[in-house]
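Welcome! Take a moment to look at the sequence and the 3D view, and then let us walk through one part of this structure together.

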2 protein chains.
Amino acid sequence: MAPATDPGYSDGMEKDGRRRTRMDDVAARAGVSQMTVSRVIRTPDKVAAATRARVNAAMAELAYVPDMLAGGLAARRSGLIGAVISTFENAIFAETIAGLTETVETEGFSLLLGASGYSLEGEERLLHAILGRRPDGIVLTATLHTPAARQLLVGSGVAIVEAWEIPSDPVDMAVGFDNRAAGQAMTAALLDIGYRRIAFVGATGGRDVRGLRRRDGYRVALAERGLPPREVGSAALPLGIENGPAFLDEILARFPDTDAVFCSLDALAAGILLAARRRGLDVPGRLAVAGFGDFAIAQPSGLDLTTVRIAGRAIGVHAGHLLLGRMSKVPLEETIIDVGFEVVRRSST
Amino acid sequence: MAPATDPGYSDGMEKDGRRRTRMDDVAARAGVSQMTVSRVIRTPDKVAAATRARVNAAMAELAYVPDMLAGGLAARRSGLIGAVISTFENAIFAETIAGLTETVETEGFSLLLGASGYSLEGEERLLHAILGRRPDGIVLTATLHTPAARQLLVGSGVAIVEAWEIPSDPVDMAVGFDNRAAGQAMTAALLDIGYRRIAFVGATGGRDVRGLRRRDGYRVALAERGLPPREVGSAALPLGIENGPAFLDEILARFPDTDAVFCSLDALAAGILLAARRRGLDVPGRLAVAGFGDFAIAQPSGLDLTTVRIAGRAIGVHAGHLLLGRMSKVPLEETIIDVGFEVVRRSST
DNA sequence: CTGCATGATGTTTGCGCAAACATAAAAGCC
DNA sequence: GGCTTTTATGTTTGCGCAAACATCATGCAG
């Protein structure tokens, strides 16, 4: 899995034959030892002010950039944080990644990003690629699907945060919310408004573990009132706005008197809503539509979708802090963080 | 800039005191030398089939994951590709990043992602963080703003691709399109339809170099017909859908007879279009609206925006191939790739 | 059977840095 | 002033791996 080809000029030489500047070069110029340069970079307090100034000057003159690969090898800490998302398709995780980078970058860490895709093989390949870089921490926004993958992570001993979900059996740490409770809450909200013939649209199986949890919540909420579920969906991923018309047709064909639809994703809800409008169905008069995620599209584009809002950015920030905390040796008091959710009612219900 | 804190157990030991598996361990178990294990991983053809099988078995049994940091240090190639975006806010570059990762991952490279934000200091900090990891290549989707940053990159000798733009003076390689030409083409398209009092909304200065290029194109197209420009905007970034109402007000106040608006971004165009609808203005009858970028929101959400479509994914794929090509020693024939653009007319004009 | 490729493996060394230890100088202390 | 403690710096060593070179078979032509 290592790069197969050979770079043109990364043999330590630049294009013009110069060798890359090392600590030794800086040290020689400043008239100190290599170790003192290292100290100026990592623990400046332990170096006399005058010496520090000379070294800093030398570094500036030579435009020295420390080699963190070498440093990491020696110190046994790479300064890398691995982040695993399932796909770039839906921008669900962008906020989380943004919050995560901003949090860990301030401490000098960099982000190693990978998309596992929907193939199991890809998932393991990616984990190997990330673990091989010896990250100091890993954030999983994607769900792990194989026992082997789980095994690999646990065996690595790396700090791990599972995000966007509170797993019943976490690998290590976790930041997220209870998808089941969220699905139940949204369904309950629809019931409170007065809807009784509520359909659910979303993944029916396969890889979308979280969507399935939300569906479970939907089932529970209906069961509490003794109402039968009406489920429509597909196991194929990813589901998006383009599936709206087909799913709407299916709902209306199988459950003609449906008065509300709860979609496992906003993109899906947007698709249903637009399809309904196009068919001349009054929303929410004839059919109410609710989504999940409060992804950017939802509100401002005039769809004004009732949805469940998740603090995506906060998840990323918390995940970063969990990792930083774990690395600071002070034992963390709480390693499972529930950021909750919020049912936001807008004009689509 | 190095991580300030100390990890709990990355001293080469796992939590339970086990040492991390190394090549030596695999070698011992397979009854070969460490070097033979290295060969099995990188150049399996150079190892006898029987030996290879033994080594592979040993690796599997020990769940060995090669340390690419150490390997990179020895081989002077990190297997990392640095990617610099300006912000996660707009999902503009998600497709490009996706195309890039998919391209380079097949060759065993991993992505090091960083957001430079809108601060110049952040830009340099990020470059240091990335260059310090000794990437084999860097893709810039963000524009470079300081001479020092440019200097740093050139001095590093790393292969560089500037994406989403064909700079007049590229640092190294580039994949993108001519923003000026695109702005001109869209304006010309509006003129061809028959609009004559066309306003432009977008960045008026500051960091959004590409937006300014598109504005330049707008000016040229109008000047060719002897029409005066009508420009509205702000230097503050980022501009988004929420700025729609204010900009629409400004347009109608300063240029009441405007019949079309060309926005430097789809998000902005969406904001203007929605604001116009809310005011009861007929789109495109009273006011036509055109955007730029064909970002996901545009079409399916019912806005049906006329826009300029850019092959964002192709940009990422090309960028990846440029880097891989540069690293394969075969001299590249073409290092500046223009992916062009496409004016897409929809119902908003 | 010699000689010389060719293939398969082993040995040595160093990538650039930081941990651990060693030393030297300065600063307190009675 | 001799003593310890503290502060500032230097020296040695090794992180885990791959490049370069060395070695040892084996094959095979003449």
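Two strands count as paired if DSSP finds at least two bridges between them. Strands themselves are DSSP runs of E with at least two residues, numbered from the N terminus. This is a predicted model, in which local features need pLDDT of at least 70. Residues are numbered from 1 along each chain as its sequence is written, and chains are lettered from A in the order in which they are written.

Start with strand β2 (residues 110-115) of chain A. Across the two chains, β2(A) pairs with strand β2 (residues 110-115) of chain B. The table sets this pairing beside two others.

| Strands | Sense and bridges | Residues that stand opposite |
|---|---|---|
| β2(A) and β2(B) | antiparallel, three bridges | Leu113(A) and Leu111(B) |
| β1(A) (residues 80-85) and β2(A) | parallel, six bridges | Gly82(A) and Leu112(A) |
| β3(A) (residues 137-140) and β4(A) (residues 159-163) | parallel, four bridges | Val139(A) and Val161(A) |

Back at β2(A), is the strand buried or exposed? Because six of its six residues are buried (under 20% relative accessible area, 1.4 Å probe, protein chains only), β2(A) is largely enclosed by the rest of the structure. Ser110(A), Leu112(A) and Gly114(A) point one way from β2(A), while Leu111(A), Leu113(A) and Ala115(A) point the other way.

Technical notes: This is a predicted model: local features need pLDDT of at least 70, side-chain atom pairs count only at pLDDT 80 or more; totals for chains, interfaces and linings use all residues. Side-chain values use heavy atoms; hydrogens and water are left out. Buried means under 20% relative accessible area, exposed over 50%, partly exposed in between (1.4 Å probe, protein chains only).
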